[in-house]
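Below are some notes for a colleague who has not seen this model before. They are meant to be read next to the structure.

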Amino acid sequence: MNNFKQIKHLYARAAFGIRFEDLHDHEHWSVKKAVKKLFKASEVNEPLLAIDENIDLRYRLNQMEETRKQIQQDRNQQEKKLNTAWIERMGTTDAQLREKLTLFWHNHFACNIGNSLYAQQLNNVERKNALGNFKTLVLEVSKTPAMLQFLNNQQNQKGHPNENFARELMELFTLGRGNYTEDDIKQSARAFTGWAFDRNGEFTFRPRVHDEGEKTFFGKTANFCGEDIIDTILARKECASFISKKLYRYLVNDTIDENHVKQMADVFYNSNYEIKPLLEYIFTADWFYEDKNIGNLIKSPVELLVGLNRQFYISYQNPDVLIQFQRALGQLLFRPPNVAGWAGGRNWIDSSSLMYRMKIPSIILNAGLIEFEGKANPEDEAYLAATRKQQLNVIKRVQAQPDWTKFMADIPKNTSNDEIARFMLEPVANNLEIKEASQINDIKTLVIQLVSTPEYQLC
Amino acid sequence: MKRRDFLRNTALVSGAYLIPAFLKPFEALAMNDLTGFKNLVIIQLSGGNDGLNTVIPYGNDVYYQKRKTIAVNPTDLIKLDDMQGLNPNLAALKELYDQGWMSIINSVGYPNPDRSHFRSMDIWQTGSEANQFLSTGWIGRYLDSNCQTCKNPYTAIEVDDTLSLAMKGLTKKGIAVQDPNKLFQTTREPFFKDMVHAHQDHLNEDNLGYLYKTMIETYSSADYIQKTAKTYQVKADYPATGLGNQLKTVSKFINSGLQTRVYYVSLSGFDTHTGQQAQQGRQLKIYADAVAAFIKDLKQTDKLDDTLVMTFSEFGRRVEQNASNGTDHGTANNVLIYGGKLKKAGIYNPAPDLVNLNQGDLQYQVDFRDVYATVLDKWLDVNNSQILNKQFAGLDFV
């Protein structure tokens with residue numbers, strides 16, 4: 001039995017891709033065994049601990065301009081540190097499935113705030129519950145200072161409800177549009193009055209500003225509190241469907257198969273919103289391994305970068321460059337464009353982002369040079385000559401070190417170019433690159449070319 | 001090297017393959033042919049700009065009753081007539097207004113308004129009904145309409161890193177260009193050029209086909225935009241802000257004679273649930289200073305008569321402020337129009353009615369698609385029903 005194709009696909013979706021030697025080792029496993037191993041490796045939950053200071057507490061009235069500037073600088077430093085710590089984690093951890101799902105929840109509970117300690121705390125809540133229970137996750141996320149601040153629940157008070165949190169809770173976190181009314185928003189906002197956080201970043205309930213009156217929510221009238229509202233929402237099957245649909249887009253296909261999503265929603269709902277059984281169901285479903293579901297998802301910029309980092313054991317001396325890549329590609333971790341997160345799919349791709357995506361791998365791996373044999377063209381020759389001349393500058397600026405020796409050592413002797421191409425690219429191999437690949441003598445050139453293709457953008 | 005490659009690469013030397021055949025006639029157009037080539041510039045204010053604190057109905061007491069702590073005092077604002085005035089941070093716009101280059105359309109919205117940022121922004125960008133979900137943008141459908149000049153991706157340029165839904169049609173889409181030179185340089189990569197050429201005939205509807213299609217379009221556009229844009233240097237001064245830089249790039253494109261009809265830029269930061277005065281004030285100042293520089297620049301270069309600028313936001317905000325010195329999501333809002341040839345400059349229609357509200361929100365008087373219809377019919381020369389899926393009467397501002 002050789003499950004090369006299935007195992008590779010599973011790792012492309014449930015993780016950030018597989019290394020050559022691991023695939024060589026796992027390709028005889030059954031899908032079930034591989035799934036089990038993925039969960040096993042993700043049992044450990046290690047929080048990110050890059051930030052330990054709440055910089056907001058440094059502000060005082062009448063501070064010197066200089067002091068304020070320093071605080072702002074430190075704030076920027078914290079943000080970079082948190083961002084790159086997570087990128088590094090995703091690129092090196094064995095708990096790949098946990099990080100992959102944390103990335104999903106990071107986008108699902110999109111939050112964009114200036115306080116890195118709070119952002120880290122929210123990220124850790126998402127990591128802790130990434131494979132756990134969705135209800136616990138929603139409740140804990142709702143109580144993080146990050147979300148309370150981002151969706152203005154600090155200002156949600158009796159007599160002056162601020163509806164921002166209640167609206168996004170239903171529209172984006174649980175039910176999706178069309179499954180609640182404007183009145184449900186108005187009423188439930190009152191139930192969350194008094195949910196706040198204190199100076200220490202701890203959730204606190206402020207009974208004095210909580211609205212104790214009766215609220216009518218989804219047809220029932222009582223003095224509901226926030227927890228009641230979340231219970232009521234999750235009791236609705238629409239919630240299981242909404243999350244299943246979004247997860248399907250993340251793990252399976254942009255184009256929804258209503259039947260598959262319905263199966264997923266049933267599993268999710270019947271398990272009381274346990275995430276693990278839902279994922280197991282997806283990864284062991286026959287349809288997950290159908291050709292149309294292989295190599296047809298557009299990697300997010302972070303998946304693209306992390307995938308490279310894992311595959312080529314890249315270390316970055318200058319973390320700023322990781323931030324620049326994320327910006328250029330349109331996905332800066334912890335800075336989603338709005339409350340709905342990154343739209344994903346084809347939205348990642350437009351003229352400039354696609355060109356960056358195809359160029360960045362060679363910048364990291366080979367100081368920007370993509371060797372090309374068509375040297376009869378003077379324009380091309382001039383371009384390649386100029387690129388070679390620039391290589392030292394690129395190296396100085398990027399300061400990234402791939403471990404080519406290790407990468408090459410992973411590839412068993414006598415592996416054909418064709419096999420390397422089939423391994424590096426997810427789309428079912430029938431493309432011109434593979435034909436042309438067989439004519440290249442140097443593996444490094446071949447690999448650089450492969451990671452610089454549109455095919456490499458897919459997983 | 002294979003013989004096939006050699007032949008192909010020899011053909012490349014001429015650069016001919018970079019320009020699909022259908023582009024040729026346009027390339028051949030001389031600059032003179034371009035006079036009368038009309039441009040539309042769309043400025044999107046993201047987050048839901050509070051229109052009532054932008055163009056302020058200071059002549060209406062209700063405004064002061066409902067906005068106890070965030071109202072702008074009559075003495076601070078820039079009076080336009082005895083009812084409405086501009087937020088003081090918009091001081092730079094006063095000159096444009098006095099010159100007759102600015103028109104304010106009040107109470108623009110749509111039936112059954114949606115108060116979600118994303119949904120309402122989608123409605124504005126797609127030109128849909130509130131209960132209709134469209135996956136193409138109104139400018140994208142204009143590109144799809146096959147009008148004489150909209151065959152190329154660079155017919156609609158978004159000066160940004162990513163492309164908005166408004167710019168995406170079913171078969172055609174605009175192009176996102178933050179820096180034309182950077183984009184062009186990446187397309188010179190020999191390996192990429194080879195792939196572009198090799199895959200012209202292998203385009204499927206799946207994501208891989210989509211990637212190749214995008215790549216091929218990028219090639220034909222990047223070359224043209226770069227070569228055209230570099231022929232002109234902007235002489236006017238622009239504020240050193242994101243929007244200032246974007247509009248400066250638009251000026252460069254327009255003045256170099258780029259065959260682009262629609263430009264799209266955006267400014268965010270208008271979701272002012274708390275501490276609105278300072279935050280909105282900052283954003284409005286960035287907006288006004290950049291727009292004033294742009295309009296005056298175009299006046300200098302004689303392009304203002306051929307340019308129409310439209311500013312919108314996904315919704316206005318609730319008439320009554322909230323308890324945190326901010327405002328919550330609302331409905332109808334003003335749309336600001338600029339141009340050298342406005343038919344009706346100044347305040348286009350009566351100030352918003354602050355009394356007859358719906359759930360505390362303004363009721364729209366002008367459908368935003370009537371604004372689009374006007375632009376489509378009278379400025380972009382296509383029948384609006386073709387783009388908006390039904391006929392709109394339009395307005396009379398151009």
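**Notes on the model**

1. In chain B, 70% of the contacts with a separation of 6 or more are between residues 24 or more positions apart. Two residues are in contact if their C-beta atoms, placed from the backbone, lie within 7 Å. Chain B has 13 helices and 12 strands; helices (H or I, at least four residues) and strands (E, at least two) are DSSP runs, numbered from the N terminus. Of the 398 residues in chain B, 53% are buried, a residue being buried if 20 or more other C-beta atoms, placed from the backbone, lie within 10 Å of its own.

2. This is a predicted model, in which local features need pLDDT of at least 70 and side-chain atom pairs count only at pLDDT 80 or more, while totals for chains, interfaces and linings use all residues. Residues are numbered from 1 along each chain as its sequence is written, and chains are lettered from A and ligands numbered from 1 in the order in which they are written.

3. The contact between the chains takes 45 residues from chain A and 45 residues from chain B. On the side of chain A that touches chain B, α9, α17 (351-366) and α18 (378-398) of chain A each give two or more residues. The largest share, 7 residues, comes from α17(A). By class, this side of chain A has 16 nonpolar, 18 polar and 11 charged residues. Here Ala, Val, Leu, Ile, Met, Phe, Trp, Tyr, Cys and Pro count as nonpolar, Asp, Glu, Lys and Arg as charged, and the others, Gly among them, as polar.

4. In helix α11 (residues 226-234) of chain A, the buried residues are Gly226(A), Ile229(A), Ile230(A), Ile233(A) and Leu234(A). They lie on the same side of α11(A), because they cover an arc of only 125° around the axis; the arc is that of the directions from the helix axis to the C-beta atoms. Among the elements that cover these buried residues are α7 (134-142), α10 (182-191) and α12 (237-251) of chain A.

5. Helix α4 (residues 65-92) and helix α16 (residues 320-329) of chain A pack with their axes 9 Å apart, at an angle of about 85°. That makes α4(A) roughly perpendicular to α16(A) (angles of 65 to 115 degrees, between N-to-C directions of lines fitted to C-alpha atoms over the stretch in contact). From α4(A), the contact uses Lys80(A), Asn83(A), Thr84(A) and Ile87(A); from α16(A), Asp320(A), Leu322(A) and Ile323(A).

Terms used: Buried ≥ 20, exposed ≤ 12 C-beta atoms within 10 Å, placed from the backbone. Axes fitted to C-alpha atoms, helices over the stretch in contact; angles between N-to-C directions. Parallel < 35°, antiparallel > 145°, perpendicular 65-115°, else oblique.
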